[in-house]
Amino acid sequence: MSERVDVFKNGRAVSLEAVLENREWRVAKQEKLEATFKEETVVAVKLNMPGAIKNSPAIQQLFQAGWQLFLAELSTWEIRHLEVFSKRPTGPEGFLVVTGDLTAIKKKAIAFEEQFFMGRLFDIDTMAKTAPDYQLSRRELGFAPRTCLVCDDDAKACAKARRHDLAAVQEAVNRIYEEYFVIDPVIPAWNEEMVKKAATFACLAEAVTAPKPGLVDPLSTGAHADMDVYDFIDSSLALENYFGLCLDAGRHFRGSQLSHLLTAIRPSGRRAEELMYLATNGVNTHKGTIFTLGILIAAYGYASRNQQSPSLSFVQSVVSQMTSQLLDDELAKTVAQADSQGNRALTAGEQQYRDFQLTGVRGEVVNGLQPLATVGLKTLRESRGSRNERLLNTFMALSGSIVDSTLVKRAGDPKVTAELADWVAQFNRLGGANTEAGMRYLKELDQTFVARNLSMGGAADYLVLTAFLGRLTGLL
Ligand SMILES: CC(C)(COP(=O)(O)OP(=O)(O)OC[C@H]1O[C@@H](n2cnc3c(N)ncnc32)[C@H](O[C@H]2O[C@H](COP(=O)(O)OP(=O)(O)OP(=O)(O)O)[C@@H](O)[C@H]2O)[C@@H]1O)[C@@H](O)C(=O)NCCC(=O)NCCS
Ligand SMILES: Nc1ncnc2[nH]cnc12
């Protein structure tokens, strides 16, 4: 049984005076915004956190997840002004000024509080000095009163009667966090624009994360003489449209056999490979990414059709069903045919299947990209520090949990995977990317990788997939 999450861990208790002073600060801020933007709607977003601890790394994560989603919900309106204070001891807060009708925005805010998985922890106030319906209540807008986190009765009644002790209410918060981020992450149903942006962000975030041993980043081109970080920028931008096509294929798929969804996206995948080569002047930057991220996006599209927010395990099962025929029906047959007819050179993945029974990237998708949940998102969520440090820790954890066909190809021997496990263990012993020693070690490893012409293209791709889901769930 894994360790229970305590959202309040590493948080600092604040006094009642501090909370009251913060309320005055908030009111002053709101009034100033209302006075500056007289014709607009001011929106104030904060969390309902029971007890004296109002902020912590986990509380910031859950605020960020909701804040991003709420911003996307408002995308039909013009946002004139935005301020976020995620580190206030009294809890993260954000303010927006939106050009739009107060009632419509208020309804959107209430719908968000009702529908977003962690929406019950959010408290969104909307105000517009000049609007006639300034004081409209939830009930007048057709919504039920807010419910208690513990028993689902009217929250105000429970609070007034002090029906539950603090430990029970904090436990309810922990449970909501765990259900959203930990047990089986929930992925909101984002629109196409956001998904495309998240995918492109993920490709770029992987490319700029540094130092990654053997790989291309802004500090080094690693063991890749034929490309640099700008090729990755060009390549990432060239793929944006493809990501949208994969999502669309998933969202509109009506067949009963999910392997047909893979068939449906394959022509777009081949075209995306061509576009990648055009963008990079013939260099393979993202062939693996095109394959795995394309499949993941199509599976997510399918799982989130009808505006449902799927769990990660459901998306993974779709990935697995889409690709179930790739090993026995495709890889085994292709290798056997190529061997008997000798009419084409085998790819690295095919050779490794023939010589070492390694299933490479195909095996990863057939198994539903398992390390995403067990290693990628887990490490990203648990890691602290800058985004670069968190992504480096995630990258190293991922590299130690897969058999990377690029690494095996470059080493010419699958035993390199055991060597890599030792390097990852040493990195962890040094405290990972959050310590100077850990960062120094990554640079030393880069030199070893360059000297031996090693590269971890598969782990880089897993980092892209993790960053993509991290973006969709609010971890990045
Ligand atoms: C099914 C295909 C992926 C074809 O694959 P292939 O038989 O070549 O399969 P693999 O070798 O198994 O893997 C291909 C790429 O997948 C990445 N990868 C490797 N291991 C894993 C893993 N365990 N988990 C996830 N991903 C993995 C890796 O891609 C990255 O590395 C590439 C850079 O490598 P590098 O050595 O620098 O470059 P090369 O050009 O190969 O060699 P050099 O000249 O430099 O030495 C880069 O692509 C990264 O993304 C593996 O390389 C698939 O391509 C396919 O079927 N394509 C046909 C069209 C299609 O259907 N497209 C997809 C539709 S959805
Ligand atoms: N940063 C990177 N360097 C080299 N190969 C990669 N494949 C995916 N990302 C990569």
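**Ligand 2**

I began with ligand 2 and listed its neighbours: E206, K212, L215, V216, H224, F232, T285, A460 and D461 surround ligand 2. I counted a residue as near if one of its heavy atoms lies within 4 Å. The model is predicted, so I noted its terms: local features need pLDDT of at least 70, side-chain atom pairs count only at pLDDT 80 or more, and totals for chains, interfaces and linings use all residues. Residues are numbered from 1 along each chain as its sequence is written, chains are lettered from A and ligands numbered from 1 in the order written, and side-chain values use heavy atoms, without hydrogens and water.

Next I looked up polar contacts, here pairs of N or O atoms within 3.5 Å. A nitrogen atom of ligand 2 sits 2.8 Å from a side-chain N or O atom of E206. For V216, a backbone N or O atom is 3.0 Å from a ligand 2 nitrogen. On its own, ligand 2 has 260 Å² of accessible area, and the protein covers 96% of that. I took accessible areas as Shrake-Rupley values with a 1.4 Å probe.

I also sorted the shell of ligand 2: four nonpolar residues, two polar and three charged. My classes were Ala, Val, Leu, Ile, Met, Phe, Trp, Tyr, Cys and Pro as nonpolar, Asp, Glu, Lys and Arg as charged, and the others, Gly among them, as polar.

**Ligand 1**

I moved to ligand 1, which has 33 residues around it. The closest are N284, T347, V403, K409 and D461. An oxygen atom of ligand 1 is 2.7 Å from a side-chain N or O atom of N284. A nitrogen atom of ligand 1 lies 3.0 Å from a polar backbone atom of S405. R410 places a polar side-chain atom 3.1 Å from an oxygen of ligand 1. Taken alone, ligand 1 exposes 1200 Å², of which the protein buries 85%.

Which helix gives the largest share of this shell? I found α8, with five residues. Helices here are DSSP runs (H or I, at least four residues), numbered from the N terminus. The shell of ligand 1 holds eight nonpolar, 14 polar and 11 charged residues.

**A425**

Last, I checked A425, found in helix α17 (residues 416-429).

Key: Polar contact = N/O pair within 3.5 Å; in protein donor to acceptor, adjacent residues only side chain to side chain. Helix = DSSP H or I, 4+ residues; strand = E, 2+ residues; numbered from the N terminus.
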